[in-house]
Amino acid sequence: MTKTLKDIQDKLDSNEAAVFTADELKTKLKNGEKLTVDDVDVVTCGTSGVMSGTTALLHIPVSEPGEFNKAKEVYINGIEAYPGPCPNELLGTIDVFLYGTNHSSTIKDYGGGFLIKDLLNHKEVEVKVVDIEGNEFRNTVTLDDMPTARLIGTRMAFKNYNSFTNPKPKAVKSIFNASDMEGPYNSFSFSGCGDINPLENDPNQLVIKESAKVLVNGAQGRIIDNGTRSTDEKPNLLLTANIRDMNPYYMGGFKTAMGPEIFNSVAIPIPVLNDEILENLKVLNKDIQLPVCDIRGRHLPIDTVDYTVWDDVDYRPLTNPDNCFSCIPCLPEIYCPVNAYRKDKTIDMDLCVGCGYCATVCPRGVPSINMGSIKIHAEEKDRTIPVTCRQSDKKRAIEISMELKKQILDGSFKLE
């Protein structure tokens with residue numbers, strides 16, 4: 001049996017369509033249910049985590065018209081942005097590109113991801129412009145002051161990720177861990193949401209293709225093309241959406257040992273048009289390989305595990321305040337990548353991404369979380385390594401998949 005997008009949209013419009021999140025579908029499969037194309041019309045898949053290839057295109061008012069000719073340097077809350085390409089500064093406004101991975105020179109552990117989240121939370125930001133003659137101009141603006149604010153993900157929602165451990169005794173700085181990764185073989189960091197990740201469920205991109213509609217941080221957007229560094233074996237996506245339509249819950253900054261990065265959440269609908277598409281949707285965590293590499297580089301493979309690292313684990317930590325010895329400094333507070341851990345031993349769950357690093361660094365077990373472990377064979381030994389840092393958030397991935405499902409069912413998100 002085959003269906004068309006119009007067939008499915010007609011069923012949606014008449015409230016007859018069967019729509020599932022990827023998580024709901026996988027649960028049915030694990031329970032032994034046999035599903036056919038007749039049983040499923042749309043599956044919403046999601047991923048959430050660090051996505052370094054993120055930039056924002058912003059149009060910002062700086063001064064009255066005529067005060068400066070052309071911007072040479074631009075800083076927003078101390079983060080370098082890049083003026084252009086249109087030199088319209090005589091109007092007193094500038095176009096800038098802001099990288100999610102750029103770091104502030106004035107605010108510690110603050111980068112583009114934290115800035116975009118601040119804008120979404122209606123916070124004021126300071127803009128400093130130096131023109132080609134060396135004159136300096138400053139203004140304080142909010143997102144409401146910007147006629148254009150668009151997020152462009154140059155490579156997002158990777159199908160395939162690597163994971164990392166440190167086989168050597170010396171700690172190593174990396175963007176793939178929340179702080180210097182200790183060794184040997186006592187830490188493990190990974191990314192990717194496994195069997196609910198969009199491209200894992202449509203590996204040949206039968207429906208995830210140019211111009212398809214998506215949710216980016218809760219805002220309806222589009223796939224422009226495959227992203228930079230995308231290959232047939234390891235695809236990723238070039239996406240765009242309007243920042244002002246986004247929900248700040250789904251994105252923000254993420255501190256690493258190499259400075260702040262940015263995390264995003266993406267959901268994509270997969271209309272079940274035929275048996276091949278449905279068969280691809282039956283992938284489970286045990287079917288998806290996860291290469292384990294030396295933290296010194298993705299070109300240094302050690303072994304391979306799979307995405308059952310997401311099975312039977314906790315998505316969020318608990319806190320046990322009675323265990324606290326009021327250590328100074330408080331390591332969970334220092335190393336929390338999203339600033340969710342508080343001095344009063346509470347965790348802001350609207351900020352928490354479930355990375356688990358607070359539990360890894362706390363010597364007293366105040367925050368605790370079951371993140372499981374992996375088993376690898378390295379240097380002629382079988383080794384069990386605890387998961388110590390997750391750079392993807394399966395809870396948010398499930399939630400944005402559910403958000404997309406709701407929008408499809410209420411008619412606010414059309415498949416075509």
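Contact here means heavy atoms within 4.5 Å. The model is predicted: local features need pLDDT of at least 70, side-chain atom pairs count only at pLDDT 80 or more, and totals for chains, interfaces and linings use all residues. Residues are numbered from 1 along each chain as its sequence is written, and side-chain values use heavy atoms, with hydrogens and water left out.

**View 1. Ile-94 and the largest nonpolar core.** Leaving aside neighbours within four places in sequence, Ile-94 is in contact with Leu-58, His-59, Ile-60, Val-62, Phe-68, Ala-71, Val-74, Asn-88, Glu-89 and Val-129. The largest nonpolar core holds 81 residues. Those touching the most other members are Leu-58, Ile-60, Val-74, Ile-76, Ile-94, Val-129 and Ile-243. A nonpolar core is a set of buried Ala, Val, Leu, Ile, Met, Phe, Trp, Tyr and Cys residues joined through side-chain atoms within 4.5 Å. Buried means under 20% relative accessible area, exposed over 50%, and partly exposed in between (1.4 Å probe, protein chains only). In soluble globular proteins, nonpolar side chains tend to be buried together.

**View 2. Strand β4 between its pairing partners β7 and β5****.** Helices (H or I, at least four residues) and strands (E, at least two) are DSSP runs, numbered from the N terminus. Two strands pair if DSSP finds at least two bridges between them. β4 (residues 71–76) pairs with β7 (residues 125–131) in the antiparallel sense, over five bridges. Its pairing with β5 (residues 79–83) is also antiparallel, over three bridges. Val-74 stands opposite Val-129 in β7. In β5, Val-74 has Ala-81 as its bridge partner. β4 and β5 form a hairpin with two residues between them. In that turn, Asn-77 has a positive phi of about 50 degrees.

View 3. In α1 (residues 5–13), Ile-8, Gln-9 and Leu-12 are buried. The buried residues of α1 pack against β1 (19–21), β2 (42–50), β16 (259–271) and α8 (394–410). Asn-15 follows α1 and has a positive phi, near 60 degrees.

**View 4. Helix α3, mostly covered****.** Nine of the nine residues of α3 (residues 112–120) are buried. Among them are Phe-114, Lys-117 and Asp-118. His-122 follows α3, with a positive phi near 65 degrees.

**View 5. Ser-401 in helix α8****.** Ser-401 is buried, with a relative accessible area of 2%. Its side chain reaches the backbone nitrogen of Gly-46 at 3.1 Å. A polar contact is a pair of N or O atoms within 3.5 Å; within protein, one must be able to donate a hydrogen and the other to accept it, and residues adjacent in sequence count only if both atoms are side-chain atoms. Leaving aside neighbours within four places in sequence, Ser-401 is in contact with Thr-21, Thr-44, Cys-45, Gly-46 and Ala-267.

**View 6. Arg-390 in strand β23****.** Arg-390 is buried, with a relative accessible area of 1%. A polar atom of its side chain lies 2.7 Å from the backbone oxygen of Asp-314. The C-alpha atoms of Arg-390 and Tyr-315 are separated by 9.9 Å, with the two residues 75 apart along the chain. Beyond neighbours within four places in sequence, the contacts of Arg-390 include Phe-190, Trp-310, Tyr-315, Cys-355 and Ile-369.
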